[in-house]
Amino acid sequence: MNRVLEHLGCKYPIVQAPMGWIARSQLASAVSNAGGFGIIETSSGEVENCKAEIEKMADLTDKPFGINLPLLFLKDDSMVNFIVEHGVKFVTTSAGDPSKYIGVLKDAGITVYHAVPNVAGAMKAVAAGVDGLVVEGTEGGGFKGMEEIGLLVLIQAIRKQSDIPIIAAGGIVDGIGMAAVFAAGAEGIQMGTRFVSSKESPVHDNFKNKIIDSDEAWYMDFK
Ligand SMILES: Cc1cc2nc3c(=O)[nH]c(=O)nc-3n(C[C@H](O)[C@H](O)[C@H](O)COP(=O)(O)O)c2cc1C
């Protein structure tokens, strides 16, 4: 048992990353049913579809799962209100000011982790009163800022300033990667790309195979 597992309430401290259109009930329920922690995305902006996906989870799993709120992309408070009303227990916030909804989420008894790409963002989130951080190194898939800070460097730098629980994300694909970030002070991991290629992921096989066939320098293909 560790602090992240206590917050997640699942068997393994392995979180499936929120990913626009991909992190929906089919994938998230499979991860939660397997003992990990599925997260439903809302970054697609398809508010009604995402609400329906959250409601579907009740039929697909009796295990814990979470929701991601990409703060800059939320058009209004409707998704936040929906989450509060539907008894969601765990939320990750990302892309924006963590203090924006922390009060309403905490008042509803929801555990809140904020995703950060640098030390300044981490300290701002700690000051805002989040329960933990998703620390995202530049290795990670999805939208990333201009700063290219490696995951291990970032965890070490944040750990020097705070003992807050950390879920590490970026470039982790197996137990070796998981052990490495645990040694640095993380208590959980979040994987995105690895889960995109899984059987339960809803993307086209060409996308899955591109990931499976890639080598360590795959990103060069896109330069
Ligand atoms: C296709 C894709 C979409 C993503 N969309 C989001 C998102 O909507 N919100 C978010 O917080 N992170 C998003 N991410 C980042 C993931 O949450 C995660 O931090 C990252 O994928 C971890 O690195 P990995 O892909 O090397 O495992 C996305 C990642 C991918 C690959």
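How much space lies in the largest cavity? The volume is about 100 Å³. The structure is a predicted model, in which local features need pLDDT of at least 70, side-chain atom pairs count only at pLDDT 80 or more, and totals for chains, interfaces and linings use all residues. Residues are numbered from 1 along each chain as its sequence is written, and side-chain values use heavy atoms, with hydrogens and water left out.

**Cavity and pocket**

On a 1 Å grid over the protein atoms alone, a cavity is a set of points where a 1.4 Å probe fits but cannot get out, whereas a pocket is an open set with protein on both sides within 12 Å along at least five of seven lines; lining residues have an atom within 4 Å of a point. A volume is the space filled by probe spheres set on the points, which are joined across faces, edges and corners. The count comes to 1 cavity of 30 Å³ or more. Its lining consists of Thr42, Gly45, Glu46, Val47, Phe73, Leu74, Lys75, Asp76, Ser78 and Met79.

The second largest pocket has a volume of about 250 Å³. Of its 15 lining residues, Phe65, His86, Gly87, Val88 and Lys89 lie nearest the centre. Helices α1 (3–8) and α3 (47–60) each supply at least two residues of this lining, and α3 gives the most, with 4 residues. Helices here are DSSP runs (H or I, at least four residues), numbered from the N terminus.

**Ligand**

The ligand is surrounded by 20 residues, the closest being Ser43, Glu136, Gly171, Gly192 and Thr193; a residue counts if one of its heavy atoms lies within 4 Å. The shell comprises 6 nonpolar, 12 polar and 2 charged residues. In this classification Ala, Val, Leu, Ile, Met, Phe, Trp, Tyr, Cys and Pro are nonpolar, Asp, Glu, Lys and Arg are charged, and the others, Gly among them, are polar. The table gives polar contacts, pairs of N or O atoms within 3.5 Å.

| Residue atom | Ligand atom | Distance |
|---|---|---|
| Pro18, backbone N or O | nitrogen | 3.3 Å |
| Glu136, polar side-chain atom | oxygen | 2.6 Å |
| Gly192, backbone N or O | oxygen | 2.8 Å |

The protein covers 85% of the 600 Å² of accessible area that the ligand has on its own, by the Shrake-Rupley method with a 1.4 Å probe.

**Asn81**

Asn81 is placed in helix α4 (residues 78–85). Its relative accessible area is 36%, so Asn81 is partly exposed, a class between buried (under 20%) and exposed (over 50%). Asn81 and Gly137 are 56 residues apart in sequence and 31 Å apart in space, C-alpha to C-alpha.

How values were computed
Polar contact = N/O pair within 3.5 Å; in protein donor to acceptor, adjacent residues only side chain to side chain. Buried < 20%, exposed > 50% of the residue type's maximum accessible area, 1.4 Å probe, protein only.
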